[in-house]
Amino acid sequence: MTAAGGGAAPAAPPAGAAAEVFVDLRGIAKSFGAIRALRPVDVVVRRGECLGLVGHNGAGKSTLMNILSGALSASAGTLAIAGEDLTGRYDVRGAHRAGVRCVFQELSLCPNLSIAENARIAHPALHGFGWRRRAAALMQAALDGIFPGHGLGMGDVVGSLSIGRRQMVEIARAFTETEERARLVILDEPTSSLDATAADQLVAAARRFAAAGGSTVVISHKINEILAVADRIVVMKDGAVVDDRPRAAFTREGIVDAMGHAVERARSVRASTATAETMVEVPASRRDGLTFRAARGEIIGLAGLAGHGQTDLLLAVQARRRGTRVAGDVALVPGDRSTDGVFPLWSIERNMSARWLPHLRRGGLIDLGRERAEAGAWRERLALKTPDLRNPILSLSGGNQQKALFARALGAPARIILMDDPMRGVDIGTKQDVYAMIATEAAAGRTFLWYTTEMDELFHCDRTYVFHDGSIVAELAAAELSETAVVQASFKDHSVTDHAVKDPA
Amino acid sequence: MLAALRGRIAAAPWIWSFLGTAATWLVTVSISGGRGGEEIISAALTFSAFTVLVSLGQMMVITTGPGNVDLSIPSVIALSSAVAMLVMDERAGMIVPGLAAAVAAGLAVGGANYGLIRLLRIPPIIATLSSSLVVMSVAIVLGRGLKIKPPQVFADAVTTKVAGVPLLAIVALAAAVAIAFVLERTLYGRTVSAIGQSRRIARLAGLDVERASLLTYMLSGGLAGLTGALIAGFSGGNSLDQGAEYLLLTIAVVVIGGTSVSGGRASVPGIWGAALFMFLIVTMLNASGVSPGLRMLITGLIIIGVIAVGGSERAPR
Amino acid sequence: MPRFLSWSAAERLLPALTLAALLAGIFHQQPRAMSYFGLDLLLNLSIPIIFATLAQMMIIAINDLDLSIGAFVSLVACIGSTLLTTEPVLGVLALLAGIAAYGLVGALVEWRRLPSIVVTLGLSFVWLGLAVIVLPTPGGRAPAVLSTLVRVKPPFAPLPVYVAAVVALLGWLAVSRSSMGVVLRGAGGNPRSVARAGWSMLAIRVSVYATAGVLGTLAGLSLLGLTTSGDANIASRYTLVSIASVILGGASFTGGRVFPVGAVLGAMTLTLAASFLTFMRISPDWQIGAQGFILIAVLALRALLTRWKETS
């Protein structure tokens, strides 16, 4: 354990506290009706330790963490915190009292409240005269400590912030302390909406927290992130723990193997299928920006820091806003399934066909037989895991829901496919399937506009536009593409040192 | 076994309204000593037909999502009954133009409702409330407090029976079947359900959200317009308060029928079930001779009871 | 960003500006209204509407809607004009039972996850039924205390002005400023996150509904004081008026966006609208419609302000 901690970061936990177990989960199991989400699992988290938790969607990570945060109660097993057996009398409040905090994947701030007011929601102790001032000071200190240079005002209403900044607030709130201390912070996909700088700041903060004796559990699909932050890594698969070793004992390939999928293919520059025919053209939004162009059969990457105008461009193309030239039907693959993608009341089939409906009509009426047949064909093609397409969409795992959304867009006769960071929280297996399909569809003459927050995915593109502050600041051909090139372009007129200067730490 | 049954009922929430209807009818008939069961059914079918026609429109509006509700229905009924009677002017030849004018008035109000919601970004409750005030004024001015009688042919037609079934009930049944078909088999119907689940997602999925909203408010207005004309024909002329009871009644019927209040899921059979149920409750309480106050009290408790037993509504997300 | 600020301020000030414009219109038409007694006459009916509006606002704050408040206010007035006068102890108990019933309905809505619109719709029949049972025909007599209380003539300004100011201030402190108010609005903004933070949504909903019951009771009693006799339908229009007032005050139906001061101003605006139309000599036929136009005009103005704010 100490060896692993030393390997990941120089900060050694205080002597003596190193081996002390903070959370002890023994034989924890959970069933939802007939479905066993968790087989009996044993997991411990020690003081001063950062535990990495990996596994595909549906491996049971979130269920386990929901039990640890008190949101769910286990069907069997014992739960002890700081040596005290809390089995059977543990709930959300109990978790808070014990110092267990959770940053959930879907953001859990109140959008109508200010940053300071959101601190109040998390802290019952913030009441009485002057609570506003105390809440603001608390959040200011937490944000300054973790994300120096964040530029947020404590009176800012959360709903007016970009999703990346909301995530910063959410994370910072989990580390705030009143009379209730933060002893264990669970971070579930914490960097999904953070840009590279903020993600690095968070990793550093998690290490500092560990050095001070706090514990963290980090869940992430980004394996590099886990390798960078964790002291120990637990791998879950099908509701069970399949591996649990110090960080030093793992390699990237080792983790991917343990999770149960083939190692990601070696990256290679793809042979472009672009033609000369322009399908989309969006004029520069500012004088110094670049014009956006996409040709038939081309895959275009949209890169840059999260929330810098990539999604706006996609929406402008979809709505055919004035000034944009769009030569053909457009279909969109959303990334945020719950707010942008899934019709929760509908079956898988209906979710798929929503975009095809105009083309499924015969004499003004929807041809139900054709609807069923085409949905069935997509199930085969995407290896969608469901016994019946008439099942509700929410019965699928996140990755499979995302597949249905791909079917929705690709099944329409649209020539232009927009993708709004569609791989958020999707497992590696699904990703590989989808990458292959995108390449095939591009070869068949479709144009893809692909916004992604994952660097790796840009290597599947023919060209990449880098966004900054609402406009395009760079265009990179596949051969020129590198992480450094994208990062440099993202910070073009915004020196990185700007942020460093304000760092109070 | 029990779980399977529960699943079946969850898939068809309108079943409750029919069970309630049957139970209420049985009680009513037993109170009256086993007599008059048939007349009760006939009356229930006639009066429920009006309720069904307006409630179908309300159902479509409510299905387009949280906050969508049409409060202008009573005013539209008042307006369209006046319009229909004015146009018909007791002449048999003008029945069709009269009906058309009534429907057109309803469509116009529906279109205006949508215009307010869209252009002024007013919540639908407030938009339809405001427009209903204006529409009511127009109805007052048009009607001038006079009650015009319907042409005799029209009055006969709305009270006639075909093979023992009231003609109105057949019309309302046809309307219900048509709406069910529209919901399942047309792009418009699917769009209504889609925007009820999430307007944003529907838009991103490439569906024409605005067109569907406009059509829905016009449909609700048009159906209320038609109903207004029919009520005037049925009750011997137009009057301003003919629609008053339909404000709360349509909402109650839609929801008891199993349509999701949070939008996205319509239940057409439930409209019939709930309309019959609501009528029979009143009949039952009248038959058992309770005071008007107690009758309302019991009606309210039944509405709450039905919804408490039958429907946990919010999406499990 | 001073432009942005000024649009925001304008938006927040809109309820006050609307009220001021309406008052100016009335004073222009009827200068005599610009007096202590004129104002008292114009505004005294706003007292019960203000209370009913705040009751509705509490419910709207947690994304529910109360379609029964009008009937409840009527019921309170009926109880007040009968039981409360003849058997005060029983009357008070009946009023307390009404508040408790409101709380129970909140519990039912939360526990069974029911849509508030339907439950309160059913509830409105219950209140109305009870009101008819208590007072089958209009009549009864208000307790002398109530009638005296609402006819108090304080110095400088008539009673409704004081009531509005005090109620607005208390509402602002409780809902917009206090730490409990934050939890209330948070429960409207993101109920799941509030529950996850360890707050009991059941407790929140029950307290909100019970508070609405208390405010509804105050509305009923003040209305009774003004009218001196009860009627089962006396306040039936309060349901829609209260919703309109809350929205006029700048609130949204969902997301915990409510503004107590705006709601109070909205209630006063709607009270004055009727008098304004009378002073304008608008034919009685068109008075209802003109109220609709006023509502539409104010909301259109708000929509314009929002749009300008977004584009500037």
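Predicted model: local features only at pLDDT ≥ 70, side-chain atom pairs only at ≥ 80, totals over all residues.

Residues are numbered from 1 along each chain as its sequence is written, and chains are lettered from A and ligands numbered from 1 in the order in which they are written.

Let us begin with chain B. It holds 14 helices and two strands; helices (H or I, at least four residues) and strands (E, at least two) are DSSP runs, numbered from the N terminus. The radius of gyration of chain B, 20 Å, is close to the 20 Å that the globule rule gives for 317 residues, so chain B is as compact as a globular protein of that length. That radius is taken over C-alpha atoms, and the rule is 2.2 Å times the number of residues to the power 0.38. The C-alpha trace of chain B spans about 60 × 60 × 35 Å along its principal axes. Of the 317 residues in chain B, 61% are buried, that is, with 20 or more other C-beta atoms within 10 Å of their own, these atoms being placed from the backbone.

Next, the interfaces. How many residues of chain C are in contact with chain B? There are 38, and they meet 43 residues of chain B; contact means C-beta atoms, placed from the backbone, within 7 Å. On the chain C side, helix H7 (116-134), helix H13 (238-248) and helix H15 (284-311) each supply at least two residues. The largest share, 14 residues, comes from H7(C). This side of chain C divides into 28 nonpolar, seven polar and three charged residues. Here Ala, Val, Leu, Ile, Met, Phe, Trp, Tyr, Cys and Pro count as nonpolar, Asp, Glu, Lys and Arg as charged, and the others, Gly among them, as polar.

The contact between chain A and chain C takes 17 residues from chain A and 17 residues from chain C. Helix H4 (115-122) of chain A gives the largest share of the chain A side, four residues.

Finally, consider helix H7 (residues 196-211) of chain A. Its buried residues include A:Leu202, A:Val203 and A:Phe209. Among the elements that cover them are strand S3 (50-54) and helix H5 (131-146) of chain A. After H7(A) comes A:Gly213, with a positive phi near 100°.

How values were computed
Contact = placed C-beta atoms within 7 Å. Buried ≥ 20, exposed ≤ 12 C-beta atoms within 10 Å, placed from the backbone. Expected span 1.5 Å × (residues − 1).
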